[in-house]
Each structure stands twice: as structure tokens, then as C-alpha cells.
Amino acid sequence: MENLIGLLVAAPLLGAALLLCGGRRLDGKGHLLGTALALASFVIGAVLFADMLGRDEHDRALHSHLFSWIPVGGFRADVAFQLDQLSMTFVLLITGVGSLIHIYSIGYMEHDERRRRFFGYLNLFLAAMLLLVLADNYLLLYVGWEGVGLASYLLIGFWQHKPSAATAAKKAFIVNRVGDVGLSIAIMLMFTTFGTFAFAPVLSNATDASEGKLTAIGLMLLLAACGKSAQVPLQSWLGDAMEGPTPVSALIHAATMVTAGVYLITRSGAIFNNAPDAQTAVVTVGAVTLLFGAIVGCAKDDIKKALAGSTMSQIGYMILAAGLGPIGYVFAIMHLVTHGFFKAGLFLGAGSVMHGMNDEVDMRKYGGLRKYMPVTFVTFGLGYLAIIGFPGLSGFWSKDKIIEAAFAKGGTEGWILGGAALLGAAITAYYMTRVMLLTFFGEKRWVPDEQGNEPHPHESPKSMTIPMIVLAFGSVFAGGLFSLNDAFLKWLEPVTSHSHGHSPLSAATVTAGTMVVLLIGVAIAWVQYGRRPVPSTAPRGSLLTRAARRDLLQDDFNHVVLVKPGEYLTRGLVYVDHKLVDGVVNGTAASVGGLSGRLRKLQNGYARTYAVSMFGGTAVLIAATLLMRAV
Amino acid sequence: MSHAATVHSLWTTAAVSPPDKIPTPHIEYGQLAPTLIVLGAAIVGVLIEALLPRRHRYAAQLFVSVVALAAAFAAVLGLAAGDYGTSKARIAAMGAIAVDGPALFLEGTILLVALVAVFTFAERRLDPAAHGNRVDSFAAQAAAVPGGDAEKAAVKAGFTTTEVFPLLLFAVGGMLIFPAANDLLTLFVALEVFSLPLYVLCALARRHRMLSQEAAVKYFLLGAFSSAFLLFGIALLYGYAGTVTYGGIADVVDGTVREVTPALAGTMGNDALLLIGGAMVLMGLLFKIGAVPFHMWTPDVYQGAPTPVTGFMAAATKVAAFGALLRLLYVVLPGLRWDWRPVMWGVAIVTMLGGAIVAVTQTDVKRLLAYSSIAHAGFILAGVIAMTPDGISSVLFYLAAYSFVTLGAFSVVTLVRDAGGEATHLSKWAGLGRRSPLVAAVFAIFLLAFAGIPLTSGFAGKFAVFKAAADGGAGPLVVIGVISSAIAAFFYIRVIVLMFFSEPRTEGPSVAVPSPLTSAAIAIGVAVTIVLGVAPQYFLDLAGQAGVFVR
């Protein structure tokens with residue numbers, strides 16, 4: 001069984017290699033090949049899952065050592081995989097949802113002439129993400145981490161002819177680099193602290209290290225997680241990343257990329273458990289981001305950007321949960337999986353809407369689409385109900401648990417976190433209802449575009465709707481299944497451990513509170529967008545609305561705090577380089593040249609001069625030799 | 001009678017008891033085979049000149065030269081395979097010639113270089129045919145006055161100087177002995193054996209004959225001057241040690257002398273003689289390697305000599321002379337290292353800096369390469385000074401790497417021509433990369449190797465000598481070496497910029513299409529440059545195994 005683990009990564013990697021190196025020969029069938037290899041990876045994952053279920057719960061981790069990568073003295077890096085329950089969960093999510101997105105893309109990218117390349121990048125994305133979650137040490141994880149960064153760059157900028165897409169890709173890459181630096185520093189700190197960076201020794205010896213070092217490592221890991229998972233303060237790339245084709249958005253938001261940060265923190269739980277300050281930083285980031293994303297999501301008229309804000313917010317929930325320690329790890333991952341289903345479904349639904357609407361993304365130009373796209377409407381609607389936490393659907397089970405866990409943190413902290421999580425739930429209900437109403441209800445508001453093409457909304461082809469239907473099933477039932485008999489908790493507990501904490505409120509109270517805020521959120525949205533007609537151009541809005549439209553001024557903040565000082569710094573350096581460095585260099589060059597010109601005159605062409613030079617040289621040689629002896 | 005009788009009795013005493021017999025020298029023909037083959041072939045070459053009709057001489061000479069050099073190289077390989085480079089290293093020919101690792105390595109290098117040089121000597125497609133006869137780089141009749149009637153007649157008759165081949169072989173023979181010489185007299189004889197043919201070869205250019213003859217005369221005068229120093233030094237060393245063998249002198253230096261020669265009782269062990277004599281012998285060798293301040297012949301001679309000769313001379317002479325210098329310093333004078341090391345430090349520093357600095361303002365590609373060779377001599381000296389086994393092997397490696405780059409670079413110079421023959425002025429090379437990308441690219445590779453850019457043999461060699469020097473305690477020397485490399489990189493890169501990023505001149509030179517001979521020479525140069533640059537370890541190991549002198 002161990003040998004199959006390598007194949008999990010190898011299948012999509014092979015696909016990427018074939019599709020990207022295969023040339024035009026594969027243009028015709030390449031997308032099917034890529035999809036088949038993604039499915040193959042899922043099947044292997046399923047086989048491994050069945051095998052894992054068959055074993056005792058404390059004996060489930062598999063280990064597969066491929067080869068020694070960098071054996072240098074005391075430094076040892078292996079290419080080795082570790083498949084435990086946590087990795088397994090991710091493998092199934094990545095390959096499962098990933099495969100569905102592949103299938104969806106067959107229809108979505110049908111007319112794109114660079115389709116083969118697109119599927120190659122998708123496969124590369126899967127391979128990198130699988131490597132990330134299967135690595136048994138932080139260095140190999142880092143390889144996958146960078147691979148994910150590369151693949152996301154390639155895919156976000158896939159429509160490179162659009163300057164906005166190219167810029168967005170660069171932005172995502174650069175912001176991610178900041179996080180990557182954090183990860184690399186964390187790995188270096190681990191090596192100096194523990195002498196290794198393999199999971200097992202680092203995590204089992206975490207208690208031996210000083211709290212200061214663990215806090216430092218934890219904060220650096222948090223920085224890394226912020227980058228990949230788009231958490232404040234490294235969240236700015238996520239919205240722009242919507243420039244990529246919609247399946248890419250679904251992949252980034254549901255199955256890969258943004259989940260990596262949650263994985264990293266959960267995997268490194270032993271470090272955070274012993275570094276309370278780092279944990280505080282994590283929950284703060286999570287709480288701030290979940291509100292930040294939610295507020296941004298309220299103000300966006302672009303359906304994908306609204307969903308992007310929602311992702312930021314939902315990942316904020318997960319980070320918050322992961323920061324709570326053993327109380328929250330399991331629920332962070334559980335929410336991650338259920339979110340994977342409904343967010344993928346929502347994005348694919350959004351893609352389907354755009355597909356039918358000539359790639360229009362402004363929700364104010366939608367309206368009443370439920371009649372034209374029944375399948376999309378139903379699947380999107382189920383995803384909507386799931387994300388707001390409608391009782392019985394997936395999101396209800398997982399989000400509720402996180403809110404409970406936040407209160408269970410105890411003390412003032414617990415109240416603040418729990419309050420933030422509740423408030424987030426209300427805002428989530430509000431903005432998602434808004435999206436739903438603007439898109440599928442009310443009067444039709446679409447108008448002909450500049451070329452005079454009137455959109456003809458229509459249902460998408462089967463290859464697109466079937467993945468949406470499958471994901472809708474997940475959105476509806478996954479949470480319930482996981483919570484049945486605490487199945488998910490028991491499944492993950494051996495890896496992440498679990499404790500209940502001491503909630504000041506009973507579970508029933510929290511659930512009731514959640515329902516109340518949910519209803520309030522939905523009601524407000526209904527009042528604003530359901531009862532009265534929606535203007536097709538956005539009103540000016542309040543100060544907060546305007547700020548939220550500009551992503552709460554994140555780019556302005558970055559511009560003032562980072563870009564401007566950076567520009568001044570580089571200008572200063574350029575000045576120093578021109579005046580000082582170049583001055584020295586050019587001065588040296590000039591003096592060498594001058595010296596050369598003068599020495600050259602010694603070479604006058606007369607043999608007698610040369611002979612004198614030789615004679616003098618010999619005399620000096622002899623004198624120097626004698627002098628050396630005398631000294 | 002008293003005085004005269006004493007003298008007389010001395011004579012008669014000598015006459016009465018004659019030495020028993022002059023012992024027949026014992027010669028190990030097998031171990032000396034490489035040298036003997038080459039010198040034998042040179043004599044055959046002379047006979048060819050004497051006996052064969054003109055029209056057959058070229059082919060016959062080329063055949064004999066190539067076969068002889070290849071056979072000699074095979075003989076070197078055979079000796080190396082027979083462990084003569086390591087466990088069976090010995091001194092042959094009655095103490096005159098050493099057969100050991102460094103000798104075999106250098107002989108192999110010289111022979112390969114000579115073989116490639118023969119290709120460039122034999123090139124007959126570059127110069128336009130004169131009166132329907134294909135001509136090479138050498139004068140139709142060297143003895144004819146330039147521009148005179150005799151010369152015109154010779155050109156019309158299609159004469160060519162096929163004597164260059166035996167001259168080359170004689171020079172190679174001397175070069176083979178030079179680094180293997182184990183006594184000072186053999187050293188001197190070998191020096192003259194390879195120098196005299198080189199003087200003649202320098203005078204043989206077909207074009208710019210006056211320049212060529214001037215170069216030859218300068219080279220000859222200065223060479224004779226330095227030979228005189230060398231010889232004087234040898235005499236002083238004999239006075240000091242009572243022997244000219246390396247081992248014998250070393251013994252006296254070490255104080256483990258076995259017997260004192262009565263006639264020299266007054267001078268033996270006099271350190272002044274040792275130091276002065278040693279310095280003079282060193283000077284003779286430094287002249288040959290072109291170290292500052294004994295370098296001034298180099299640019300003039302490199303420029304004036306026929307380019308194939310320049311290439312051969314620049315590569316092979318340097319190998320031979322450095323070999324002899326290594327043996328002298330490591331075998332004869334190691335006991336004196338505290339005396340000569342500081343002096344050699346100084347020589348290395350001024351050589352590196354001087355070569356690099358003066359090269360900056362050169363405008364002629366052959367002179368540029370000449371100054372570059374001076375700078376390189378300085379770099380190699382840094383390795384010589386290390387006084388460690390690594391020092392020896394790094395110098396051996398550097399010599400092998402450098403000689404092929406040099407030969408290749410000068411071969412490329414023969415290709416770039418205009419109406420006046422080779423277009424060596426750098427301004428004419430502007431934009432060469434646009435018109436002849438391949439030739440320019442090849443030359444760029446050689447220049448990068450000279451500059452010591454990684455993935456070329458120049459980098460591996462430079463790294464090896466600098467590392468050896470640093471390990472041998474010559475850190476400051478390495479710093480100066482790196483600074484000189486930086487200066488040198490400037491003018492190498494400048495040529496590359498000139499070739500690729502300047503507008504071509506309208507009346508610029510054209511690149512001649514060479515015969516397979518020159519093409520092969522250049523291709524070998526490129527191949528060696530890249531192989532030694534990409535995978536130097538095998539050859540470094542080889543040089544490392546060859547790094548022990550026999551004494």
C-alpha cells in the first residue's frame with residue numbers, strides 16, 4: 001500500500017509533464033488525459049482510504065520513503081511521504097473536488113485554444129498540492145508549497161492577453177512570496193532548534209524547545225499560512241485572483257491553495273500548543289479576517305469577488321478554529337472539507353451563470369435567472385443554504401462547531417472570539433442572500449453589451465452541471481454524515497487530538513444564537529434586495545460600503561505602507577549605486593586605463609630597451625634574493 | 001724546473017694513468033621513446049627536404065609529423081600505463097632525464113598541442129591561391145629579400161616552406177626534454193634545441209614579412225641574452241655544488257652532501273653563489289614563460305610571428321617552460337624556499353597585474369592575446385608558489401587547459417581576414433557576431449575561458465591554482481590574482497561586446513572558410529575547453545596522480 005502513495009502525486013505530475021511537453025499532438029485529447037489522470041489519483045486515494053479504514057485507528061499512518069534528496073553531513077532531507085488521517089482527508093478533498101473541476105473545465109474551456117496547457121497547469125496544481133499534504137518533512141512540504149504558488153501564478157494569469165490577469169498573477173505570486181519567506185525562516189529555525197525538519201521528530205520534541213523559539217517558529221508559520229490562505233495582512237491577492245478562469249477560482253478556493261495554510265497550522269499543532277502567544281496571533285488573524293472578508297463580500301457587485309470575500313471569511317473561521325488548539329483542529333478541518341464542497345459548488349455555479357451571460361460578472365445585470373438556469377439555480381441554492389449554515393446542511397454542522405469552540409476558549413478571549421464568529425455568521429447570511437437575490441430572483445436586468453449582443457441565458461452543458469450536482473450532494477449531506485456519531489471527530493482525533501474546553505454557553509444556546517443571527521442577516525438582505533427593485537448601477541453607498549468596495553482599502557494601505565517606502569528605498573539605493581558604487585567602479589576603470597596607457601609606452605619596440613628591462617629585472621631578482629637571506 | 005715540471009708532471013701523470021675507459025652511456029630507449037621518436041622524425045623531415053621533389057614534400061612532411069607526434073603520444077600513454085608516472089618513476093639517461101608523473105603529463109600535453117598545431121601549420125585554404133598554387137601562412141622562400149625579385153620568382157613558382165614541419169618537430173623535441181631535464185646542462189641544451197627552431201619559425205610569415213623578421217631578430221637577441229644569464233647561473237651553481245645534477249645540488253643545499261670536489265673546495269657551499277646562480281637560472285626560465293619584467297618580447301613576437309606559430313609557441317613553450325620551472329623549484333631549490341618564495345611572490349604579482357593592466361589598452365587582437373598570456377603566466381606562477389602537491393597538480397591542469405584555449409583562439413584569428421591578410425586590428429572585429437555568428441561564438445567561448453568564467457576550462461584551472469595558492473599560505477596573492485582576473489575580464493568581455501553588439505563595418509573583414517585541418521584544431525580547442533570546464537574532476541585527478549617529482 002505504501003507504494004501507492006507516490007502514485008498519488010505521480011499521476012497528476014505525469015499529466016502535467018505530458019500536457020506541457022507533449023506539444024500540439026495532444027491538443028485534441030489532452031484535456032481528457034489530464035482529467036483521467038486526476039481521476040486516477042482520486043481512485044488511488046479512495047483505495048488507500050478504504051485500506052486505511054480497514055486498520056486499527058492508531059495504526060493508520062503509512063510511510064513511504066522514496067529517496068534521500070540532500071544528504072550532506074548532518075543535514076538530511078528525504079523525499080518521503082506520510083499518509084495519516086489528516087493527509088488522507090486532504091487527499092480525498094483535493095483529488096475529489098479537483099477531479100470534478102477538471103470535468104467541469106472540459107465544458108467551460110471548450111473553446112479556448114490553449115486548453116491543453118490549461119489542463120497541464122491544473123494537473124500541476126493538483127500534484128503540487130498533493131505533495132504539500134503528503135510530505136513527511138517541512139522541506140518537502142516547502143517544495144509543494146512553492147509548486148502551488150507557481151501553479152496558481154500560471155493559472156491566475158492564464159488569460160495573459162488581459163493585462164489585468166497578468167497583473168493579478170504577479171500580485172498573487174509576490175504576496176505569496178512574503179509568506180514563503182516566513183515558511184523558509186520557520187524551516188531554518190526548526191533546523192537550528194531541532195536539528196531536523198521531519199514532522200515526527202520536530203513535533204514530538206516540540207516540548208523540549210524553549211517557548212520563545214516555538215513562538216518564533218509559530219509566528220513564521222502563521223505568516224506563511226497568511227500568504228497562502230489569504231489572511232490579513234496578506235489577503236490582498238485573493239480578490240484580484242478572480243481574473244483567472246472560473247474553474248481556477250473554484251480550485252484555489254475549495255480544494256487547493258487557500259487550504260494549505262490551515263493544513264500547515266493544523267499539522268504543526270504541537271508547536272502552536274506550546275506557544276500560546278503564537279496561538280493568540282493565529283486566532284486574532286482568523287477573527288479579523290473572517291470579519292474583513294465578510295464585510296468585503298457585502299459590498300461587491302462582481303459575483304466572483306463577492307464569493308472571494310466569502311472564501312476569505314470562511315478560511316478565517318478555519319484559521320480561528322486552528323488557533324484554538326485541540327479544541328478546534330478537528331472542526332477547522334471539518335469546515336474545510338464542507339467548505340470545499342459548497343464553495344466549489346458556488347464557484348462552478350457562478351461560472352455556469354457567467355457562461356450563460358456572455359461572461360458578465362456584475363450581479364446588478366443579472367436577475368431572475370432561476371427560470372433560465374434551473375439546475376444552476378438549485379445547485380447554487382443548496383450551496384448557499386450550506387454556507388449560511390441552514391440547519392441540517394453541511395455548513396451548519398461545521399460552522400456551528402467552530403462558534404461553539406470559540407466560546408469554549410474561555411474567558412474574555414472566548415467571548416470576543418465567539419462574538420466575532422457569531423457576527424461573521426450574520427454577515428455571511430446577509431451577503432450570501434444578497435448574491436442569491438441579485439442573481440436568481442427579481443426582474444431581469446441584463447442589457448446588450450457594447451457590441452449589441454443581448455445575453456441569452458441558458459443552462460450549461462452536462463459536463464458542467466454534473467459536477468455541480470455532485471458537489472451539491474456534498475454541500476447537503478457531508479456535514480451531517482461527518483457529525484453522525486461524531487464520525488469525523490473520531491477519525492481525526494488520533495492525529496490532531498481533541499479536547500472539549502469549557503464553554504460558558506451550552507451547545508443548544510449557541511445553536512439557537514446562530515439561528516437568530518442567521519435569520520437577522522437574511523432578513524436584512526431581503527429587505528434591501530428582495531422587496532424592492534435593484535438599480536442596475538450601484539448607489540454611492542455609505543462610507544463603509546465604499547471602503548468595502550475597495551476591499552477595505554487594502555491596496556491603498558499596502559501602497560502607502562509598503563510600496564511607497566519601498567520606492568523611496570530603491571530610489572535611494574539607485575542613487576547610491578549611481579553616484580557611489582559606479583563612481584568607484586568607473587574611477588577604478590579610468591585609473592586602470594590611464595595606467596595601462598602609460599605602461600604601454602614602455603613597450604617601445606626597441607630590443608635594447610627590452611634588454612635593459614631584463615637586465616634590471618635580473619638585478620632586482622638577485623638583489624631581492626640576497627636581501628631575503630640577509631633579512 | 002720547479003714550476004714547469006710540476007705542470008708537466010701533472011700532464012704526464014694524467015697521461016701515464018689514463019682513465020680506464022669512457023663508460024658506454026646506458027640509455028633507456030624505451031623510457032625516452034617519445035623524445036626519440038620526435039627527434040628521429042625531425043631528421044627524417046630534413047631528409048625529405050633534401051631528397052624528395054618539391055611537390056611531394058608537403059604531403060610527406062605532414063604525414064611524418066602527424067604520425068611521429070601521434071606515435072610519441074602513444075609512447076607517453078604507454079609509459080603512463082606502465083606506471084612510469086607513479087611507482088616506477090626514475091631518472092634515465094645517466095641522470096640526465098627524469099621519467100616521472102609531471103614529465104609524462106607535460107610531454108603528453110605538449111605532444112597533443114603540437115599535433116593540433118601541425119594542423120594549423122598545414123592549413124592551405126585561407127590565403128588566396130597565388131598563381132594557382134595553394135599557399136600556407138609561411139613565406140615562399142624565407143631567405144629571399146622581402147619584396148625582392150627572388151621572392152616574386154619563388155611565389156610564382158609556387159614554393160612553400162615545408163621546412164616548418166621538421167623545425168616544429170625539433171622544437172617539440174627540445175620541449176619534451178625541457179621539463180624532464182634532470183641536470184642543468186641538459187636543461188640548457190634542451191632550451192636551445194627548442195628555442196632556435198622557434199626563432200626561425202617566427203621569421204617565416206608570408207605576409208608582413210618585415211614585421212615577422214623583426215620579431216624573429218628581437219626574439220633571438222633577447223633569447224640569446226637570457227640564455228647567457230641562464231648559462232652564467234648554471235656556472236655559478238656548479239661552483240656552489242660541484243655538480244650540475246638536480247639531485248646533487250639539492251643535496252648540497254640540504255647539507256647532506258656526499259663528497260666534496262677538491263678543486264671546488266674554495267667555493268662549494270658558498271651561499272652567495274647559490275643565490276645569485278639560482279636567481280639567474282630562474283630568470284632564464286621566467287623569460288621563456290613571459291613573466292614581468294622579462295616579458296617585453298612577448299607582444300612584439302606574438303604579433304610578428306605567423307599566427308600558427310604564435311599559437312604553437314604560446315601554448316607549448318609555456319607548458320615546457322613551466323614544467324622546467326616547477327622541477328627546478330621543487331627538486332633543486334626546495335631547501336631555499338624561504339629565499340625564493342618572496343621573490344617569486346613579487347614576480348607573480350607584477351606579472352598578473354602588469355599583463356592585465358597593459359592589455360586594457362591594446363588594439364591588436366594578437367597583442368591582446370599576448371598580454372593575456374602574460375597575465376596567465378602570473379596566475380600559473382601563483383600555483384607554482386604554493387609549494388604543495390596540489391600546487392603541482394593545479395599548475396599541470398592549468399597548463400593543459402590554457403594551451404588548448406590559446407591554440408584555439410589563435411586559430412580563430414587566422415580565419416578573420418581582409419585584403420591585407422589576417423585582420424588583427426580589433427576595430428575590424430566590430431560586428432563580427434552579426435556576420436559570422438559561429439566563428440564569433442567560438443571565439444567568445446575562448447575569451448570566456450581566458451576570463452575564467454564557470455563551465456569553461458579557464459574557470460576550473462584558475463580555481464585550482466588559486467585554491468592551491470590559498471592553501472599554501474599565499475592568500476594575498478590570490479586576492480591580487482582575483483583583482484587581476486577582474487581587470488582581465490574587462491578586455492575579454494569588451495571583445496565579445498565588440499563582436500556582438502557593435503555595428504559591423506562596411507569594409508570589414510570576411511571570415512575565410514578553412515579546410516578540415518583548422519576546423520579540427522578549433523573544434524578540439526572548443527571541446528577541450530568545455531569538457532575541462534564542465535567535468536574537470538577526472539583531469540584534476542589525473543594531474544593529481546602525476547604531481548610527484550622524482551629526485
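In this predicted model, R629(A) and D339(B) pair up through their side chains in a salt bridge, with N and O 2.7 Å apart. That pair is one of two salt bridges found across the interface of chain A and chain B. Looking at polar contacts, the count between the two chains comes to 12 residue pairs, taking residues at pLDDT 80 or more.

So much for individual pairs; now for the helices behind them.

How much surface goes into the interface? Chain A and chain B bury about 2,700 Å² between them, and carbon and sulfur atoms account for 74% of that area. Within chain A, the residues that lose the most area to chain B are M614(A), L621(A) and R629(A), which together make up 24% of what that side buries. In terms of contacts, 25 residues of chain A meet 37 residues of chain B.

As for confidence, the predictor gives the complex an ipTM of 0.89 and a pTM of 0.67. Chain B has an average pLDDT of 89, and 96% of its residues score at least 70. Helix α6 (residues 164-177) of chain B scores highest in that chain, at 96, while helix α1 (residues 2-16) of chain B is lowest, with a mean of 45. Residues 4-16 of chain B sit below 50, and this stretch has one contact in the model beyond near neighbours in sequence.

Conventions. Residues numbered from 1 in each chain as written. Chains lettered and ligands numbered in written order. Heavy atoms only, no water. Contact = heavy atoms within 4.5 Å. Buried area = accessible area lost by both parts, 1.4 Å probe. Salt bridge = Lys/Arg side-chain N within 4 Å of Asp/Glu carboxyl O. Polar contact = N/O pair within 3.5 Å; in protein donor to acceptor, adjacent residues only side chain to side chain. pLDDT = per-residue confidence, 0-100. Helix = DSSP H or I, 4+ residues; strand = E, 2+ residues; numbered from the N terminus.
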